[in-house]
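Please examine the sequence and the structure before reading the points grouped below.

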Amino acid sequence: MMNGGPSGFTNAPVTRAFVIASALFSIFFGIQGRFNTLGLSYQDIFGKLRIWKLIMFIFSFTSTPELMFGLYLLYYFRVFERQIGSNKCSVFIVFSILTSLLFEVFAVALLKDPSAILVTPGPYGLIFASFVPFFFDIPVSTRFRMFGFNFSDKSIIYVAGLQLLLSHWKSSVLPGICGILAGSLYRLNVFYIRKAKFPEFISSFFSRISLPSIGAPRTTPTRNVMGNVPSFPGRQMERNYPAPMHSAVQPSEDSIATLVSMGFDRNSAQQALVQARNDVNVATNILLEAQAH
């Protein structure tokens with residue numbers, strides 16, 4: 001089964017802070033029974049706009065199933081923070097939320113229904129914006145058939161996303177589509193957004209305010225002389241990744257090409273595949289960990 005790298009929020013402090021905030025706001029409003037007050041309508045935007053409601057709207061899910069699927073997807077997408085770094089991930093989060101929110105306001109203005117809740121609350125914009133790099137940049141590692149249908153190791157993420165997209169029908173489909181549009185604009189590098197960075201203290205702030213990751217303490221890897229693949233102490237290597245191959249078997253060209261297509265250089269990809277016994281998923285995790293340090 002495909003995974004998002006090492007367990008926990010190692011090297012993903014921004015994602016961790018966002019997940020914690022979303023969970024806390026959702027639980028708080030659930031206890032208060034005020035979920036119905038958070039959705040956006042035409043009157044909320046063009047009548048009496050309340051900033052506090054807009055902030056709560058961005059973070060809070062309205063039901064337990066939405067919260068479970070939403071937090072699962074946010075947790076999985078921490079892999080992108082490990083790939084591009086916390087600073088650029090912060091830019092991606094802010095850009096996705098603000099851009100999708102602008103699309104949502106534009107859609108509400110066109111529909112002009114003064115009473116209906118047209119947009120359900122929750123970080124739909126960010127989640128569905130993340131599906132764009134997930135579709136293009138995360139390779140399919142395995143394929144299988146079940147009940148006469150073809151599936152891949154990415155299918156469970158798509159199923160969770162579909163469940164979230166249809167959770168409130170029209171009022172959840174709308175922010176989902178707006179999020180996909182926002183993610184597409186980011187990928188197209190509109191206004192050179194992919195090169196933008198916040199001041200370093202902003203992204204490092206999340207490392208200080210977030211709760212520590214659950215699990216074994218992080219071990220600092222040492223670089224080897226041949227590339228970017230980290231070397232770990234033997235015991236930790238046995239626990240997290242397969243031991244390197246000692247045979248003369250070389251990684252397959254298809255596996256190397258898959259990693260190169262994700263932006264890794266060929267030498268590092270080849271070393272990681274040797275270390276991972278030609279397992280593309282494990283090799284990807286090794287390379288992402290190397291990039292994060």
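The structure is a predicted model.

**Overall architecture**

- The chain contains 14 helices and 4 strands.
- Of its 293 residues, 47% count as buried.
- Among contacts in the chain with a separation of 6 or more, 77% are between residues 24 or more positions apart.

**The second largest cavity**

- Searching the whole structure gives 3 cavities of 30 Å³ or more.
- The volume of the second largest cavity is about 70 Å³.
- Its lining consists of F57, I58, I97, S100, L101, E104, G122, P123, Y124, G125 and L126.
- At least two lining residues are supplied by each of α3 (51-59), α6 (86-111) and α7 (124-137).
- Helix α6 provides the largest share of this lining, with 4 residues.
- E104 is a lining residue, and Glu belongs to the charged class.

**Helix α4**

- Helix α4 covers residues 64-76, a total of 13 residues.
- From its first C-alpha to its last, α4 reaches 18 Å, which is close to the 18 Å expected at 1.5 Å a residue.
- The buried residues of α4 are E66, L67, G70, L71, L73, L74 and Y76.

**Cysteines and disulfides**

- A search of the whole structure finds 0 disulfides.
- C89 has a relative accessible area of 6% and is therefore buried, the cut-off being under 20%.
- C178 also counts as buried, because its relative accessibility is 4%.

**Positive phi angles in two loops**

- F147 is a residue other than glycine, yet its phi is positive, near 55 degrees.
- The position of F147 is in the loop between β1 (143-146) and β2 (149-152).
- Because its relative accessibility is 75%, F147 counts as exposed, a class that requires over 50%.
- N278, which is not a glycine either, has a positive phi of about 65 degrees.
- The loop between α13 (266-275) and α14 (280-292) holds N278.
- N278 has a relative accessible area of 30%, so this residue is partly exposed.

Conventions: Residues numbered from 1 in each chain as written. Predicted model: local features only at pLDDT ≥ 70, side-chain atom pairs only at ≥ 80, totals over all residues. Heavy atoms only, no water. 1 Å grid on protein atoms, 1.4 Å probe; cavity = no way out; pocket = protein on both sides within 12 Å on 5 of 7 lines; lining within 4 Å. Points joined across faces, edges and corners; volume = space filled by probe spheres on them. Expected span 1.5 Å × (residues − 1). Buried < 20%, exposed > 50% of the residue type's maximum accessible area, 1.4 Å probe, protein only. Disulfide = S-S within 2.5 Å. Contact = heavy atoms within 4.5 Å.
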